Amino acid sequence: MSRPRQIKAFVILLTTFVAGVFHAIAQEEAATETLDPGPFYGFWQIQEPAGDTCVLIIKRGGRLSCFWAGSSARNIEKGTWQRTGEILTAKWEAGHTEVFKMMGENAIERSTFQPGQSILGDPAYTIRGVRIDSRIPGSLTTKSDGPPPVREQVEDSSTRPEIPVNNPFTGYWLVDQSTGIFGIGGGEPNFYLHLSRDGDAAVALRDWEGDEGVQGLWRIDGDRAVITWPNNRRDVLIPNAEGGYTLGTYKPKDKLTNKPRQLSKARKVTFSDADQYFEAGEFDRMTVLDIRGTWVPQESTGTREYISIEGWGNAYRYPAKAGGSGTDPGKWRLASDHVVITWIDGSKDLLRIAFPHFVQDSFAAGEPITGTPFRTIPVIRTENEN
């Protein structure tokens, strides 16, 4: 080969090598950015429609996990994620996909897509969560359900099949139980059914004489949920032709292969709609003596701040939103397990009981307290202002 040809071949080889090096560097930088969780990193708390609380942990290296507080479920869901700018997409081992968006510094929005569902379409549901301190999950305990449930002749809970993490049945259901002429009258028109993530079942307002507070177990059988009650009574929750669900019943001697009896309409409802019927009486009612005083963050936020709750419904916060050395006035309203303070600018703070301390949820003006607070911090009551 002539010398000009050798030089030309060398130049081509060198150019190819340099291009390959730059391509590898670019790929490495892209991979590093993809596996950096950015603002998503850390612990998040999300109130699930099923009634329990998901503690989401977004880790470095493309990993994330979730466990549930508020039930005896021991499931820990695991998955992987990829981040593209302000969007983090998680693929869970259970088969579903979730897309997370930041909603400010300390709030997150989660859109859930069922297995096989395109994330370009509408999600199955969207819910928000808040950032929490990494030390809080360690203090979470299983919520007590009161006295031991009545479960005679119900299958042993240790042998029941595990409930899949991602299923359409877990949560609260409103079931029609209209009686009388033309389906009206005869007591409560509906009852509530709660299917917990751990396989427990409970009812409220059901027209069962002598069975107030009865609890059972449930499992998934194909495309239906089978609920077993004491004395071998059973219900089955099945999809119907209209795209909704129907609850049917079986007598003790009926076989599950037979058609169910007393078919009734059933629809899923939210935690806030139904939880009161299952939780009523399980907490001590707060009184004015519980809330009167000065409340400060449990840990320093770097600035002096407090909320003072006084008599006659008056409250004050420092610092004032308008600045200066003064305070903002507000009015408080006491509920059974929380107090809501409405400030002069329309913003709100909610103080609520949370194990093992009180928590302050802060909401911007115009935001409902049923939504996601822009800040959640543990607070303590002191004798004097700091």
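Residues are numbered from 1 along each chain as its sequence is written, and side-chain values use heavy atoms, with hydrogens and water left out. Because the model is predicted, local features need pLDDT of at least 70 and side-chain atom pairs count only at pLDDT 80 or more, whereas totals for chains, interfaces and linings use all residues.

A search of the whole structure finds five aromatic pairs, where rings of Phe, Tyr and Trp (its six-membered ring) pair if their centres lie within 6.5 Å, planes under 30 degrees apart counting as stacked, over 60 as edge-to-face and the rest as tilted. In one of these, the ring centres of F169 and W218 are 6.5 Å apart and the planes stand at 70 degrees, so the pair is edge-to-face. F169 belongs to the loop between β8 (125-132) and β9 (171-176), while W218 is in strand β12 (residues 215-221), and the pair thus links distant parts of the chain, 49 residues apart; strands are DSSP runs (E, at least two residues), numbered from the N terminus. Both F169 and W218 are buried, that is, under 20% relative accessible area (1.4 Å probe, protein chains only).

The rings of W173 and Y245, with centres 5.2 Å apart and planes at 70 degrees, also form an edge-to-face pair. W173 lies in strand β9 and Y245 in strand β15 (residues 245-250), so this pair ties together parts that are 72 residues apart in sequence. W173 counts as buried, at 2% relative accessibility. Ring pairs link F169, W173, W218 and Y245 into a cluster.

Charges over rings (NZ of Lys or CZ of Arg within 6 Å of the ring centre and within 35 degrees of the ring normal) include R60, which lies over the face of Y41 at 4.0 Å from the ring centre, and R304, which lies over the face of Y318 at 4.7 Å from the ring centre.

Notes. Helix = DSSP H or I, 4+ residues; strand = E, 2+ residues; numbered from the N terminus. Buried < 20%, exposed > 50% of the residue type's maximum accessible area, 1.4 Å probe, protein only.
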